[in-house]
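Me: I have a model open and want to talk through how it is put together. Can you start with the terms?

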Amino acid sequence: MIHDVVIVGSGPAGYTAAIYAARAQLEPVLLAGSVTAGGALMNTTEVENYPGFTDGILGPELMTHMQEQAERFGTDIRYEDVVSLELEGEVKRVSTEEAVYEARTVIISTGSEYRTLGLPDEARLSGHGVSYCATCDGFFFKDKPIVVVGGGDSAMEEALFLTRFGSSVTVVHRRDELRASAVMAKRALEHPKIDFAWNSVVVGLNGQDVLESVVLEDTVTGERRELPAAGLFVAIGQTPRTELVAEVLTLDEAGYIVVDSPSQRTGIPGVFACGDVADPLYQQAITAAGSGCRAALDAEHYLETLRS
């Protein structure tokens, strides 16, 4: 069977693309992944800036609503991991460990993954004090000192959430002012449980079996100091998940898929990309959803040209 639309990845972009494609009677298949369904918002607490939710909504709840809406219109959601893509030609092939799907159009919405610090002991202590998800691991550091690395909205959200658990929360930022939005910065700066290590970077991790402290280096003076930490939460941005398409689609210098803006068309006819994997600038749930809408409409128009 040759499908009209196969969507690789979920999250706000993938689910929105599925909703639009399904309502257009294109019967999309969405390959959500075995453990990554819902994307980054599955690890987010309160989402306060998504339109339509006056009091905010939990990230996983928002993704459940989108998933159910996509299924309501007929999307076939399968929890399989894509292992390879053949995108050239009129019929594309999307392979998972379970099956091979043939499609006239493919929408890539694989999102992004957490960026690491690149420290020698980071992988060794991951899961033993080093974390990239406050909502996943914050509870394990109850009444213990916590360090958060980053200066954007995500870092402030992590820090504010972690005040529920830690005895203290120290935000480490390489500059002397935050990159976060005014609202998030104000909340963090005014919180009595949050301290800031300005002009500082984490250059070392101490601890044999579990994290015990971090080594900070002053970006101005070069001086180093040790800071006790049972938990280190890294919130320094994300890396686009383009490993499946790196050899066939054009990427920008940061590794994001290049699209023919304002459309979501890639350099290969019938292949579209949306969400964080094609957005180096905004990376918000609402912009991801908007790009998913565009990708589905682009796919619909492409299919119309094939049939005309």
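Reply: A crossover is right-handed if, with the strands pointing away from the viewer, the path from the first strand over the helix to the second runs clockwise. Helices (H or I, at least four residues) and strands (E, at least two) are DSSP runs, numbered from the N terminus. This is a predicted model, where local features need pLDDT of at least 70 and side-chain atom pairs count only at pLDDT 80 or more, while totals for chains, interfaces and linings use all residues. Residues are numbered from 1 along each chain as its sequence is written, and side-chain values use heavy atoms, leaving out hydrogens and water.

Me: Which elements make the right-handed β-α-β unit?

Reply: β1, helix α1 (residues 11-23) and β2 form it.

Me: And how many bridges between β1 and β2?

Reply: Three, in the parallel sense, with β2 covering residues 29-31; strands count as paired if DSSP finds at least two bridges between them. Ile-7 has Leu-30 as its bridge partner in β2.

Me: What about β8?

Reply: β8 (residues 100-108) runs parallel to β1, joined by six bridges. Val-8 is opposite Ile-108 there.

Me: Why is β1 largely enclosed?

Reply: Because six of its seven residues (2-8) are buried, meaning under 20% relative accessible area with a 1.4 Å probe, protein chains only.

Definitions and conventions:
Buried means under 20% relative accessible area, exposed over 50%, partly exposed in between (1.4 Å probe, protein chains only).
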